[in-house]
Amino acid sequence: MSTFDWLVDNAAIIGEYAAWHIYLSLVPLIAGLLLALPLGWLAHRYRSAYGPMVTSAGLLYTLPSLALFILLPQVLGTRMLDPLNIIAALLVYTVALLVRVVADALAAVPSETALSAEAMGYRPLQRFCLVELPIAVPVIAAGLRVAAASNVSLVSLASLLGIPQLGSLFTTGFQLDYVVPIIAGIVGCIVVAWLFDALILLVSRRLTPWRKAGSAT
């Protein structure tokens with residue numbers, strides 16, 4: 001069978017795998033960002049908490065992914081083939097990666113800006129949401145791009161547990177001793193990672209229009 005014929009015959013399943021891959025990568029990415037924002041703010045706000053929180057996050061990120069995939073069903077009480085296990089594992093990695101990014105991004109906000117907001121009567125939460133966070137967006141977006149690429153890569157390991165996504169094409173190729181599914185899976189992962197990266201860049205630029213105006217001048 002030619003490469004083109006195989007791709008045409010399996011286009012539907014490849015599309016289904018791609019949809020699952022996007023879902024399994026995107027959900028923990030968004031949830032991880034929402035959790036990392038307040039945690040990073042706490043690490044920035046209370047400097048005594050910065051060291052323990054960043055160190056703990058770094059230790060979490062070193063956990064072997066495959067081992068975590070296998071252990072989580074016992075912790076969560078889910079089935080081994082439940083996609084929730086992959087989402088939970090990637091949520092751990094995303095939060096672990098982004099906590100330090102958020103804390104350092106907030107620390108990079110000029111002190112005079114924060115003091116000016118405080119002088120104008122902004123409360124800590126208001127200052128965080130309306131002043132510090134918008135300024136920190138570019139740094140947070142850079143960390144989010146790394147987390148997105150990491151998630152897309154790690155999701156493919158779920159094929160070893162039988163959870164359908166683009167990594168399933170790797171196991172199919174190995175089983176059939178046929179390289180086309182493997183190449184299709186690699187290209188699919190690259191495309192998904194590129195789409196995530198482009199989306200994060202687009203959102204970051206929309207949230208920071210002053211950076212574009214500043215670069216133009």
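What follows is a working chat about a predicted model of one chain.

Trainee: How many helices and strands does the chain have?

Mentor: There are ten helices and zero strands in the chain. Keep in mind that the model is predicted.

Trainee: What does the C-alpha trace span along its principal axes?

Mentor: About 70 × 45 × 20 Å.

Trainee: And how many of the 217 residues count as buried?

Mentor: 40% of them count as buried. The accessible surface of the chain is about 11,800 Å², and carbon and sulfur atoms hold 69% of that.

Trainee: What share of the contacts comes from residues 24 or more positions apart?

Mentor: Taking contacts in the chain with a separation of 6 or more, 74% are between residues 24 or more positions apart.

Trainee: Switching to rings. How many aromatic pairs turn up in the whole structure?

Mentor: The search finds four aromatic pairs. One of them joins Trp 20 and Tyr 23, with ring centres 5.8 Å apart and planes at 85°, so this pair is edge-to-face.

Trainee: Why is that angle edge-to-face?

Mentor: Because planes over 60 degrees apart count as edge-to-face, and the planes of Trp 20 and Tyr 23 are at 85°.

Trainee: Where do Trp 20 and Tyr 23 sit?

Mentor: Both are in helix H2, which covers residues 11-45. They are three residues apart there, so about one helical turn separates them.

Trainee: Buried, exposed or partly exposed, for Trp 20?

Mentor: Trp 20 is partly exposed, at 30% relative accessibility. Tyr 23 is partly exposed as well, with a relative accessible area of 43%.

Trainee: What about the rings of Tyr 61 and Tyr 93?

Mentor: Their centres are 5.8 Å apart and their planes are at 85°, so that pair is edge-to-face. Tyr 61 belongs to helix H3 (residues 47-61) and Tyr 93 to helix H5 (residues 83-107), so the pair ties together parts that are 32 residues apart in sequence.

Trainee: What lies over the face of Tyr 50?

Mentor: Arg 47 does, at 4.6 Å from the ring centre.

Trainee: On charges, how far apart are the mean positions of the positive and negative ones?

Mentor: They are 16 Å apart, with 11 positive and 10 negative charges in the chain.

Trainee: Next, His 44. Which helix?

Mentor: His 44 is in helix H2.

Trainee: Buried or exposed?

Mentor: Buried, at 19% relative accessibility for His 44. The cut-off for buried is under 20%, so His 44 falls on the buried side of it.

Trainee: What does His 44 touch?

Mentor: Setting aside residues up to four places away in sequence, His 44 touches Ala 103, Leu 106, Ala 107 and Glu 132.

Trainee: Last one, Val 131. Where is that?

Mentor: In helix H7, residues 124-155. Val 131 is buried, with a relative accessible area of 14%.

Trainee: And what is Val 131 in contact with?

Mentor: Leaving out neighbours within four places in sequence, Val 131 is in contact with Thr 113, Ala 117, Tyr 122 and Gln 126.

Trainee: How far is the C-alpha of Thr 113 from that of Val 131?

Mentor: 7.9 Å, with Val 131 and Thr 113 being 18 residues apart along the chain.

Terms used: Residues numbered from 1 in each chain as written. Predicted model: local features only at pLDDT ≥ 70, side-chain atom pairs only at ≥ 80, totals over all residues. Heavy atoms only, no water. Phe/Tyr/Trp six-rings, centres within 6.5 Å; stacked < 30°, edge-to-face > 60°. Helix = DSSP H or I, 4+ residues; strand = E, 2+ residues; numbered from the N terminus. Buried < 20%, exposed > 50% of the residue type's maximum accessible area, 1.4 Å probe, protein only. Lys NZ or Arg CZ within 6 Å of the ring centre and 35° of its normal. Contact = heavy atoms within 4.5 Å. Areas by Shrake-Rupley, 256 points an atom, 1.4 Å probe, with all protein chains shown as cover. Lys, Arg positive; Asp, Glu negative; His and termini not counted. Charge placed at Lys NZ, Arg CZ, Asp CG, Glu CD.
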